[in-house]
Amino acid sequence: MSTFDDPFDSSRSLSRRGCSCGRHATEAEHDAVLSSEARVGRVVEGALMRALFPQDASRRAFLKAVGAPAALAAISQFFPVGTATEAFAQGAPLEKKDLKVGFIPITCATPIIMAAPMGFYSKQGLNVEVVKTAGWAVIRDKTLNKEYDAAHMLSPMPLAITVGAGSNPVPYTVPAIENINGQAITLAMKHKDKRDPKSWKGFKFAVPFDYSMHNYLLRYYLAEHGIDPDTDVQIRAVPPPEMVANMRADNIDGFLGPDPMNQRAVYDGVGFIHILSKDIWEGHPCCAFAASREFITAMPNTYAALLRAIIDATAYASKAENRKEISAAIAPANYLNQPQIVVEQVLTGTFADGLGQVQKVPNRADFDAFPWESFAVWMLTQMKRWGQIKGDVDYAAIARQVYLATDAQKLMEQQGLTPPKATTKTFSVMGKSFDPAKPEDYLASFAIKRAS
């Protein structure tokens, strides 16, 4: 019998070799059909049944007499199979300990970055090198080419990669959200008297990437003010570290970008914060911890350890009292390469706005790892709204495939956290309610869009 076979199947032997179900050419092929969680469960159950019934004949007779469900229920009363399975899984050997995780130097990557200098990876037995990367296309390509084991990505990117928007389709996942809120629309100082978006026709804006929350939020904001983002303004992709320089050189009028770029524009005196992204959509996701489906399948124990580290780091970052310590850890040149005071203003939410005021917004940037499937559904509606994807879209199925809410629920519970019981929720964007169960109705409600 294979290590991963069902020990409660009376037709199978505990000792014979080869594929025990007769449907696979080899035992390795048979084992491959089981999920990593099921495999661990089978190992625990198999060991228990071998201990109770060393002889196949007695085990088979017992199972035929009472049936597999009754047998498992009876044994579980005296031995916590579920608890043992979880303990075994957490103690299982890591398939790979030395990992490379790519990141863009922005505060959205805070949990991924801080987990290295603050010991969250090493606590899980991992040696992780976090690699500063120039731009999002480079992050995507290096991850697809397996130069990186996992990466900091914009939260829509794994959706785009999975459905083949902008690249060949490759199954990708979002096991955890990196940050919520934490962005802003920043305008050049010369526009401080042009606060009405209706006066922005002809403006040149920058966003980090076409498949980004920044792009979708900026387009949403403009369209709600009657500005067509494809005809009334120009929107171009600019790597975050280059945004302030482009504003200084008068190449752009503004950007909806990640921090600390908004605060750096204020610090350098070249721009002011027009509106925080949280005031467009309170609690919106921005960046994500992303990994290929292949990585998760091939290295389930390493994946679980890496995700535990990210979840722990995100929970630590979510507490206001830790933000100054984190700012000091991630500001240096090998990470964000920013003045610590700039990072601290972003993470603490006490900041100069560039218009002579000091604002106090504690949740300007915040951190919540849970990858709500409804986030993915909303992003897919915006991809379709602006013509990035076409035709029929199975919103719920793609969301479940890419946004691994059930994985997050389980590992958050293991870490002593309390995850949401649901995987979807409704929310409001600029006062307009979004129901993830009715994405096409939502899409049809917009006056300005490319989708037919």
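The model is predicted. Its largest nonpolar core has 128 residues, and helix 10 is mostly covered, with 11 of its 12 residues buried.

**Nonpolar cores**
- Within the largest nonpolar core, Tyr121 and Trp378 have the most contacts.
- Helix 14 (residues 300-317) gives this core its largest share, 9 residues.
- Another core, of 6 residues, lies apart from the largest one and has Val266, Ile273, Phe351 and Val361 among its members.
- Leaving out residues up to four places away in sequence, Trp378 touches Met213, Tyr216, Leu217, Tyr220, Trp281, Phe427, Val429, Phe434 and Tyr442.
- In soluble globular proteins, nonpolar side chains tend to be buried together.

**Helix 10**
- The 12 residues of helix 10 (residues 213-224) should span 16 Å at 1.5 Å a residue, and the end C-alpha atoms are 16 Å apart, which agrees.
- The buried residues of helix 10 include Met213, Tyr216, Leu217 and Tyr220, each of which is touched by Trp378.
- His214, Asn215 and Arg219 are also among the buried residues of helix 10.
- Gly226 follows helix 10 and has a positive phi, near 80°.

**Helices 15 and 16**
- Helix 15 (residues 323-330) and helix 16 (residues 340-348) have axes that come within 9 Å and cross at roughly 145°.
- The crossing of helix 15 past helix 16 is right-handed.
- Helix 15 contributes Arg323, Lys324, Ile326, Ser327, Ala328 and Ile330 to the contact, and helix 16 contributes Gln340, Val343, Glu344, Leu347 and Thr348.
- By class, this contact has 5 nonpolar, 3 polar and 3 charged residues.

**Asn181**
- Asn181 belongs to strand 5 (residues 180-181).
- Asn181 counts as buried because its relative accessible area is 1%, under the 20% limit.
- Beyond residues up to four places away in sequence, Asn181 touches Ser277, Lys278, Trp281, Glu282, Gly283, His284, Cys286, Asn363, Arg364 and Ala365.
- Trp281 is also touched by Trp378.

**Backbone features in loops**
- A cis peptide bond runs from Asp259 to Pro260, with omega near 15°.
- Pro260 sits in the loop between strand 9 (254-258) and helix 12 (261-267).
- Lys146, a residue other than glycine, has a positive phi near 70°.
- Lys146 lies in the loop between helix 8 (136-144) and strand 3 (150-154), and counts as exposed at 56% relative accessibility.
- Met430 also has a positive phi, near 50°.
- The loop between strand 15 (427-429) and strand 16 (432-434) holds Met430, which is partly exposed with a relative accessible area of 27%.

Methods. Residues are numbered from 1 along each chain as its sequence is written. Side-chain values use heavy atoms; hydrogens and water are left out. Helices (H or I, at least four residues) and strands (E, at least two) are DSSP runs, numbered from the N terminus. Buried means under 20% relative accessible area, exposed over 50%, partly exposed in between (1.4 Å probe, protein chains only). Contact means heavy atoms within 4.5 Å. The expected span of a helix is 1.5 Å times one less than its number of residues. Axes are lines fitted to C-alpha atoms, for helices over the stretch in contact, and angles run from 0 to 180 degrees between N-to-C directions. A crossing is left-handed if the near helix is turned anticlockwise from the far one by less than a right angle, and right-handed if clockwise. Ala, Val, Leu, Ile, Met, Phe, Trp, Tyr, Cys and Pro count as nonpolar, Asp, Glu, Lys and Arg as charged, and the others, Gly among them, as polar. A nonpolar core is a set of buried Ala, Val, Leu, Ile, Met, Phe, Trp, Tyr and Cys residues joined through side-chain atoms within 4.5 Å.
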